[in-house]
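Subject: Handover of a structure and summary of findings

Dear colleague,

Please find below the structure that I am passing on to you.

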Amino acid sequence: MRPQLGTRNAEPGTPFGLSQAVARAAESALAGRGIAPEAALELAGSAPLDELLFAAGRVREAHFGNRLNCCSILSVKTGRCSEDCKFCAQSGHYPTEVQATDLLDDAAVRRAAQEARDNRASALGLVSSGCGPLGPHFEAYCARLEAVRDEGLTVHASLGVIDAAGAKRLAALGVKAYNHNLETARSFFGQVCTTHSYDDRLATLEALRQAGIARCCGGIFGLGESWAQRIELGAELQRLGVERVPINFLNPIPGTPFESRPRLPAREALRIVAIFRLMLPKALIQVCGGRELVLGHLQPLAFAAGATGVILGNYLTTKGRPADEDLVMFRDLGLELVTETTTTD
Ligand code: SF4
């Protein structure tokens, strides 16, 4: 049985009485080296959660201090997606209750940017349903991104597949980060999506890298993947050297094939964040969709587990909690919101 929070198996001679495996992992991650997949898998299955939180929290502090990067997102086009991602409320393949919209107009985007600024988000990401490419609609999206920039916010985007020319255009326009999640391990991807491939996603990430746009690339957990597959995703992110890693937890949406998947236990979700912090010590790790549902009253422990940010405000198709509550939580934890940065060095 997996050790629970508070059941420590201290070993004399290691710092703070940590078990040897956790102490070794902490040492590596504190030095900026992500732990190897084999070590991560061992820790995932055997390390006491309180030790993982202690180690991951120290690693976060070493590389990011008490600073948090929080952004907000806006769905500029919702629903009617041609893809069949089995967790997604926006897929046109499933009878969900999402209200589809066409591309929002300029004024709506500006209002959202002002609200994000009032909520003290450092960036606003414009997100479109669909896998792209945007073809003749691309310039209309660029105009919305310019509106965010003109409102004084850092511009992020998530518009699906993008090629080298598109990535260059976004970089010139001022897009600092682009979200394109791998979602899960390659070995599990076929059970999540069949309408595009893992390699399609990797090609977009490579175009972004070449254009100098920070890659915001993570996944969604609780789909039925194994721990080995979670670590496989972490290893792929290590290989890619992504700068930002959103961690989402499944919020089962009625009508989707994953509507009956059991909710991830909060302690397991914290374990995922901590293991990813030890694997990716210098990446920004943001806890995103499903945070409130899965972590519940344990949300403050996400930062002990190594998270360096959250999404402020609402998600794409589900409500987040009021930003005011998050701001109070940050204040009480002694965490400070900052404007855009990647790591402390
Ligand atoms: S995750 Fe993205 S690509 Fe997949 S169905 Fe949803 S909107 Fe479409």
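In which loop does Arg80 lie? Arg80 is placed in the loop between β2 (71-77) and α4 (106-118). Please bear in mind throughout that this is a predicted model.

**Two residues with positive phi**

Most residues other than glycine have a negative phi. Arg80 has a phi near 55°, a positive value in a residue other than glycine. The relative accessibility of Arg80 is 55%, and because exposed means over 50%, Arg80 counts as exposed.

Glu183 also carries a positive phi, near 75°, and is likewise a residue other than glycine. Its place is in the loop between β5 and α7. Is Glu183 buried or exposed? With a relative accessible area of 10%, Glu183 is buried, since the term applies under 20%.

**The ligand**

The ligand is located in the largest cavity. Around the ligand stand Cys81, Glu83, Cys85, Phe87, Cys88, Ser91, Ser129 and Gly130. By class, this shell consists of four nonpolar residues, three polar residues and one charged residue.

Thr317 and Cys88 are 229 residues apart in sequence, yet their C-alpha atoms are 9.3 Å apart in space. Thr317 itself belongs to the loop between β10 (309-310) and α13 (323-333). It is partly exposed, with a relative accessible area of 34%. When neighbours within four places in sequence are left aside, Thr317 is in contact with Thr78, Ala89, Gln90 and Val98.

**Helix α8**

Helix α8 covers residues 198-211. Its 14 residues should span 20 Å at 1.5 Å a residue, and the end C-alpha atoms are 21 Å apart, which agrees. The buried residues of α8 are Tyr198, Arg201, Leu202, Thr204, Leu205, Ala207, Leu208 and Ala211. Which elements are included in what covers these buried residues of α8? Among them are the helices α6 (164-173), α7 (186-189) and α9 (227-240), together with the strands β5 (175-179) and β6 (214-216).

**Helix α10**

Helix α10 (residues 266-279) has 14 residues and reaches 20 Å from its first C-alpha to its last, close to the 20 Å expected at 1.5 Å a residue. Of these 14 residues, 13 are buried, so α10 is largely enclosed by the rest of the structure.

Leu278 is a residue of α10, and at 0% relative accessibility it counts as buried. With neighbours within four places in sequence left aside, Leu278 is in contact with Ala25, Ala29, Arg33, Gly34, Ile35, Leu43, Leu52, Ala55, Ala56 and Val59. The C-alpha atoms of Leu278 and Thr184 are separated by 18 Å, and these two residues are 94 residues apart along the chain.

**Helix α2**

Finally, Ser46 lies in helix α2, which runs over residues 37-46. At 40% relative accessibility, Ser46 counts as partly exposed. Between Ser46 and Ala21 there are 9.5 Å in space, C-alpha to C-alpha, for residues that are 25 apart in sequence.

Yours sincerely

Conventions. Residues are numbered from 1 along each chain as its sequence is written. This is a predicted model: local features need pLDDT of at least 70, side-chain atom pairs count only at pLDDT 80 or more; totals for chains, interfaces and linings use all residues. Side-chain values use heavy atoms; hydrogens and water are left out. A residue is near a molecule or strand if one of its heavy atoms lies within 4 Å of it. On a 1 Å grid over the protein atoms alone, a cavity is a set of points where a 1.4 Å probe fits but cannot get out, and a pocket is an open set with protein on both sides within 12 Å along at least five of seven lines; lining residues have an atom within 4 Å of a point. A molecule sits in a cavity or pocket if more than half of its atoms lie within 2 Å of its grid points. Ala, Val, Leu, Ile, Met, Phe, Trp, Tyr, Cys and Pro count as nonpolar, Asp, Glu, Lys and Arg as charged, and the others, Gly among them, as polar. Helices (H or I, at least four residues) and strands (E, at least two) are DSSP runs, numbered from the N terminus. The expected span of a helix is 1.5 Å times one less than its number of residues. Buried means under 20% relative accessible area, exposed over 50%, partly exposed in between (1.4 Å probe, protein chains only). Contact means heavy atoms within 4.5 Å.
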